Amino acid sequence: IATDPAPAIVESGKIFYMTNGGAIAFTLPTSPTLGTQYVVVNSAGADTNITPVAPATINGGGAGVVVNNTTQWAATTVVCVGVNTWVAFGGI
């Protein structure tokens, strides 16, 4: 995927393989269901910014906090662990 795939909650558990040669954004869906999970693979080594939509947060940060995967072939897993609360780990 070379552009922001704008995932929907029904796509939980999908693997998104980012192949763009430049920076790319992966925007998490609003009002996620507990347990919704994505794996984002950065194949190009360029910045892959994983962004929640307010009021959701990621890794305990406030509004506007972005998780940035900059490592080629690294996979970042993102899981909804509470109401509008995302956690990202691995490959970040």
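This is a predicted model: local features need pLDDT of at least 70, side-chain atom pairs count only at pLDDT 80 or more; totals for chains, interfaces and linings use all residues.

Residues are numbered from 1 along each chain as its sequence is written, and side-chain values use heavy atoms, with hydrogens and water left out.

**Exercise 1. Find the order of the strands in the open sheet, and look at how E2 sits in it.**

Step 1. Strands (E, at least two residues) are DSSP runs numbered from the N terminus, and two of them pair if DSSP finds at least two bridges between them.

Step 2. The order is E2-E4-E6, with mixed pairing. Strand E2 (24–27) and strand E6 (67–69) are the edges, each pairing on one side only.

Step 3. E2 and strand E4 (residues 48–51) run parallel and are joined by 4 bridges. Thr 27 has Thr 51 of E4 as its bridge partner, while Ala 25 stands opposite Asn 49.

Step 4. In a regular strand the side chains alternate between the two faces of the sheet. In E2, Ile 24 and Phe 26 make up the covered face, and Ala 25 and Thr 27 the uncovered one.

**Exercise 2. Which aromatic pairs does a search of the whole structure find?**

Step 1. Rings of Phe, Tyr and Trp (its six-membered ring) pair if their centres lie within 6.5 Å; planes under 30 degrees apart count as stacked, over 60 as edge-to-face and the rest as tilted.

Step 2. The search gives 2 pairs. For Phe 26 and Tyr 38, the ring centres are 5.8 Å apart and the planes stand at 70°, so this pair is edge-to-face. Phe 26 belongs to strand E2 and Tyr 38 to strand E3, so the pair ties together parts 12 residues apart in sequence.

Step 3. For Tyr 38 and Trp 86, the centres are 6.1 Å apart and the planes at 40°, so this pair is tilted. Trp 86 lies in strand E8, 48 residues from Tyr 38.

Step 4. Put together, Phe 26, Tyr 38 and Trp 86 form one aromatic cluster.

**Exercise 3. Is Val 78 buried or exposed?**

Step 1. Buried means under 20% relative accessible area, exposed over 50%, and partly exposed in between (1.4 Å probe, protein chains only).

Step 2. Val 78, found in strand E7 (residues 74–82), counts as buried because its relative accessibility is 0%.

Step 3. Contact means heavy atoms within 4.5 Å. Beyond its neighbours within four places in sequence, Val 78 touches residues including Leu 28, Tyr 38, Ile 58 and Trp 86.
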